[in-house]
Amino acid sequence: MADKSSNKHGSDKKAKTFDFMAMFQEARQTAIERTQASAGDEDIVLTDPEKIEEKISQLSTKQKTSSRKNKDAESSSSGSSGSDSSSDDDKQTEKKKAERKKQQKDRADDDVGPPLPPGFRPMASSSGGKGGDESSDEDVGPPLLPGFKSAGTSKEVSSSKDEQTSTQNRSVDSDSESDEEEEEEEESLLSKIPLSHEVTLSHGLKTVSAMALDPSGARLVTGSLDYDVRFWDFAGMDASLQSFRTLRPCESHQIRNLEYSPTGELILVVASNAQAKVIDRDGFEKCECVKGDQYLVDPASTKGHTGMLNGGCWNPKVKEEFMTCSIDGTVRIWDCNKVFRHKGIMKPKGQGGRRVVPTACAYSIDGRYMVAACNDGSIQLWDHNKHTFVNVAMQNKTAHTPGTDTSCLCFSYDGRTLASRGGDDTLKLWDIRNFRQPVQKAEGLFSMFPMTDCIFSPDDKLVITGISMDKGQEGGKAVFFDRQTFNKVYEIPIEGASVVRCLWHPKLNQMALGCGDGKIHLHYDPKKSHRGAMLCVVRQKSKTKQVEMVLADHIITPYALPMFREGRPTSTRKQEERVRKDPIKSHRPDLPMYGPGTGGRVGAKGATLSQYVAQSIASRKPDPYETDPRGAILRHAKEAEQNPYWIDTAYTKTQPVPIFQAPEQEKEKDDDDEPMWKKQKTS
């Protein structure tokens, strides 16, 4: 019953709560009291090695007691009482105080003379008696004046000097760290470029003017100035690197641009004619834009372009819509399902409302803006959300040098920056939020092709463009610029050719450079890239299949009947020997003669023109009817009358008798017939 009652009382009790901050303050107060009690011995303890050991032991005991207190606090939280631990701590502190009093008495016996006043320290040596004698010998004479320091304080002076030099070194280190950070950033940007391996594809002998990779990175399409379009399948190619299909979609028109649709199902083909064409992944034609009427004054009244196309691109958000620009001064929007008339038209205008020719066009990443670069150096943007495109949303009339053709426009992946590759050998970055001045600018980038590219890296930290080969140079280059500082990070030289087109696929992490010698250079890194060119490089070249012809098998049947028995094949050597002995059969006919003749034979028609004319005149027989065409016709009249064969047999009974006019005799000239004024006067 007593146990039950005790359990009941225990269940009625509540758990104790502890204030750890109060406990910390109590421990701190006890530590302060202990330090005050041992304040007279602190200086001696710090100078005497024996006392240092005692101090270390005291600190260790303090740590032990504090750990014990913590354990006791934990045990008390679980319901155990802490009165025993507090009594043990009091006993230990009393023992320590007694030990300290004994030590002080021993020191008092050693120290001779009155006690030192507060604030003074005894000249105790740190290493026995020898050290004390040396220090007393050194400290001879009156005390030093204020401001002077003894040799013992040289360490303090050196420490202050070290602090000053350390602050100076920190400032220098901060500058060096900033430089190192910039170098590390450049190294980090350079490490992102896939450059370790290279593969070369051969399109032809002329400039690669267009390239496109599908969104999945499985196929590459290239176009050239030789009018051909080639299809490359990375999964189906081997180490021979041959295209699986070649076609000529626009007959004898140079290819200006190729681009896959956002879904990868269709390809937009822009050639140097007035009609853009859309083909599927395998090269079969899907639709072709209509051509406009070139005799109408207003280009908006026509259904399509009337001049050569300069560029084209797909809408990244609407899969059926694409845009083209032409030298007829218009930018038109098309729908794949309705190519008999344009969906929208924009007519860029220059200063004074004059017509200008758009040389490049592009969509923004979100499909909101449509931008076109014109030959007067201006860049103009239209808002796609508006129903009409009469007025521009933004424009910069002095973006590039007037009279030059801007070859490319490209938006960054974040949609805020526009890159333009000008025909004035410049590359500029524009912020569409402030379109008045370029954010960055690079000059001296020579370009001699109207389709030179500029692109952004997949992480938007680099800008890439191609440089053409100038006179006296070994080749072109592909240059990489840092987007923030526009410093040149790296360049890829191409020997003997200009760099025209550039591609950097975000999924494959591989680069493709189209050059002026008809070759495509693929750059990749096995550690950073995926699939693409890495699939076809590891495959061995397929062996050429040899054509094998199987002749008719000869079946040997020795016991067949004579009527079904086949004769054994015999050699024709003996028969050929007999033919060679026959002079008639083995005689080779004479070869025809050319020229004046050889071996005693004269050429049939003579060696020269004069000989040929002379021989032809000599061999020709005279024609008696050459001067008498009537006689030439009537010479067959007697034979036709006696032996009719063609017509006269049908008209034998009704055929009239022809009566020909007799030849007239020449009349003698009579002077009377002449007029009076022609007669000769006799008198």
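C325 is buried, at a relative accessible area of 0%, where buried means under 20% relative accessible area, exposed over 50%, and partly exposed in between (1.4 Å probe, protein chains only). The model is predicted, so local features need pLDDT of at least 70 and side-chain atom pairs count only at pLDDT 80 or more, while totals for chains, interfaces and linings use all residues. Residues are numbered from 1 along each chain as its sequence is written, and side-chain values use heavy atoms, with hydrogens and water left out.

**Cysteines**

- The structure holds zero disulfides, a disulfide being a pair of cysteine sulfur atoms within 2.5 Å.
- C325 is accordingly in no disulfide, and the nearest cysteine sulfur, in C361, lies 3.8 Å away.
- The sulfur of C515 has its closest cysteine sulfur in C502, at 8.7 Å, which is too far for a bond.
- C515 is buried, with 0% relative accessibility.

**Salt bridges: total**

- Searching the whole structure gives 19 salt bridges, each defined as a side-chain nitrogen of Lys or Arg within 4 Å of a carboxyl oxygen of Asp or Glu.
- Side chains of opposite charge can pair when their charged atoms come close.

**R368 and D383**

- R368 and D383 form a salt bridge in which the closest N and O atoms are 3.8 Å apart.
- This pair links distant parts of the chain, 15 residues apart: R368 sits in the loop between strand 14 (358-363) and strand 15 (369-374), and D383 belongs to strand 16 (residues 379-383).
- Strands (E, at least two residues) and helices (H or I, at least four) are DSSP runs, numbered from the N terminus.
- R368 is partly exposed at 36% relative accessibility, whereas D383 is buried, with a relative accessible area of 12%.

**E443 and K441**

- In the salt bridge between E443 and K441, the closest N and O atoms are 2.9 Å apart.
- E443 counts as exposed, at 56% relative accessibility, and K441 counts as partly exposed, at 42%.
- Elsewhere, salt bridges with shared partners join D414, R416, D460 and R483 into one network.

**D414 and R416**

- Two members of that network, D414 and R416, form a salt bridge with their closest N and O atoms 3.5 Å apart.
- D414 is partly exposed, its relative accessible area being 30%.
- R416 is also partly exposed, with a relative accessible area of 39%.
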